[in-house]
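Colleague: Please take me through this model one feature at a time, and tell me how each kind of feature should be read.

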Amino acid sequence: RNVEKMIKDILGKLDINRDGFTTSRVGIVAYAAQNVTARTLEGYSPYGNNTIPYLGDDQSNLLEGFAAAEKLVSVPSVANHKKVIIIVASTFTGGSQDDPIVKATKAFNGKIITVQYQQNGAGAEGLGALASNNFAFVNDDREVENIIAALLHTNCFCAPSLKALSTSVYG
């Protein structure tokens, strides 16, 4: 299962900006040695149809990718909008308390979901140290369901039959 298919499967299960009540938004940042915004929170994708570009590099600068994602979700918002960053990585080294990425994720004012994307049974060991409590996952047959459950737990996305919390609608 590739990462792009996993992300499209997740997006396909969410109610995003479909009516006046739904206020959840999704952005996508792809990262390697450099990072690009593959989808803005408003849904604009310069790559078309939420395609995630291959950046052509085996390097992974998670700190810069996280900074770009944090900037993406740090737009002016109303108080009831929850911020969530999902990190999917196949490589990760670090995880000590002095590591800059650990400090950045701990300082983030929101939830962090991690998916340790294993290839051939290994990869990104220790990535779960960056996740919020109970939000560290490994790619397996349940990663999409686990991520959806974590998003529902965070209360930032609604199942299709529910309406998002809104401060402008009462009753």
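This is a predicted model: local features need pLDDT of at least 70, side-chain atom pairs count only at pLDDT 80 or more; totals for chains, interfaces and linings use all residues.

Colleague: Where is proline 100 found, and how far is it from leucine 63 in sequence and in space?

Modeller: Proline 100 is found in helix 3. Along the sequence, 37 residues separate proline 100 from leucine 63, while in space the two are 7.3 Å apart, C-alpha to C-alpha.

Colleague: Which class does asparagine 134 belong to, buried or exposed?

Modeller: Asparagine 134 counts as exposed because its relative accessibility is 71%, and its place is the loop between strand 4 and strand 5, the latter covering residues 136-138. Asparagine 134 lies 16 residues from alanine 150 in sequence, and their C-alpha atoms are 8.3 Å apart in space.

Colleague: Before we go on with residues, which secondary structure does the protein chain have, and how much of it is buried?

Modeller: The protein chain has 4 helices and 5 strands, and when you follow the sequence they come in the pattern α-β-β-α-β-α-β-β-α. Of its 171 residues, 41% count as buried. If you take the contacts between residues at least 6 apart in sequence, 58% of them join residues at least 24 apart.

Colleague: How should I read the packing of two helices, and what are the values for helix 2 and helix 3?

Modeller: In general, two packed helices are described by the angle between their axes and by the distance between those axes. In this model, helix 2, residues 62-73, and helix 3, residues 100-107, have axes that come within 9 Å and cross at roughly 20°. Angles under 35 degrees count as roughly parallel, and helix 2 and helix 3 are therefore roughly parallel to each other. Their crossing is left-handed.

Colleague: Which residues of helix 2 and helix 3 meet there?

Modeller: From helix 2 come Leu62, Leu63 and Phe66, and they meet Pro100, Ile101, Ala104 and Thr105 of helix 3.

Colleague: What class does threonine 105 fall into, and which residues beyond its sequence neighbours does it contact?

Modeller: Threonine 105, which is found in helix 3, counts as buried because its relative accessibility is 5%. Setting aside neighbours within four places in sequence, threonine 105 is in contact with Phe66, Ile112 and Leu130.

Colleague: What does phenylalanine 92 touch, and where is its place?

Modeller: Phenylalanine 92 sits in the loop between strand 3 and helix 3, and with a relative accessible area of 12% it is buried. Residues up to four places away in sequence left out, phenylalanine 92 touches Leu62, Ile101, Ala124, Glu125, Gly126, Leu127 and Leu130. One of these, leucine 62, is 30 residues away in sequence and 8.1 Å away in space, C-alpha to C-alpha.

Colleague: At what angle do helix 1 and helix 4 pack, and how far apart are their axes?

Modeller: Helix 1 and helix 4 pack at about 45°, with 10 Å between their axes, and they are therefore oblique to each other. The crossing of helix 1 and helix 4 is right-handed. Helix 1 contributes Met6, Asp9 and Ile10 to the contact, and helix 4 contributes Glu143, Val144, Ile147 and Ile148. Of the residues in this contact, 5 are nonpolar and 2 are charged, and there are no polar ones.

Colleague: Which residues of the largest nonpolar core touch the most other members?

Modeller: The largest nonpolar core has 23 residues, and those touching the most other members are Met6, Ile10, Leu14, Ile28, Ile113, Ile147 and Leu151. Two or more residues come from each of helix 1 (3-12), strand 1 (28-31), strand 3 (84-89), strand 4 (111-116) and helix 4 (143-154), and helix 4 gives the most, with 5 residues. There is also a second, separate core of 20 residues, including Ile87, Ala104, Ile112 and Leu127.

How values were computed
Residues are numbered from 1 along each chain as its sequence is written. Side-chain values use heavy atoms; hydrogens and water are left out. A nonpolar core is a set of buried Ala, Val, Leu, Ile, Met, Phe, Trp, Tyr and Cys residues joined through side-chain atoms within 4.5 Å. Buried means under 20% relative accessible area, exposed over 50%, partly exposed in between (1.4 Å probe, protein chains only). Axes are lines fitted to C-alpha atoms, for helices over the stretch in contact, and angles run from 0 to 180 degrees between N-to-C directions. Angles under 35 degrees count as roughly parallel, over 145 as roughly antiparallel, 65 to 115 as roughly perpendicular and the rest as oblique. A crossing is left-handed if the near helix is turned anticlockwise from the far one by less than a right angle, and right-handed if clockwise. Contact means heavy atoms within 4.5 Å. Ala, Val, Leu, Ile, Met, Phe, Trp, Tyr, Cys and Pro count as nonpolar, Asp, Glu, Lys and Arg as charged, and the others, Gly among them, as polar.
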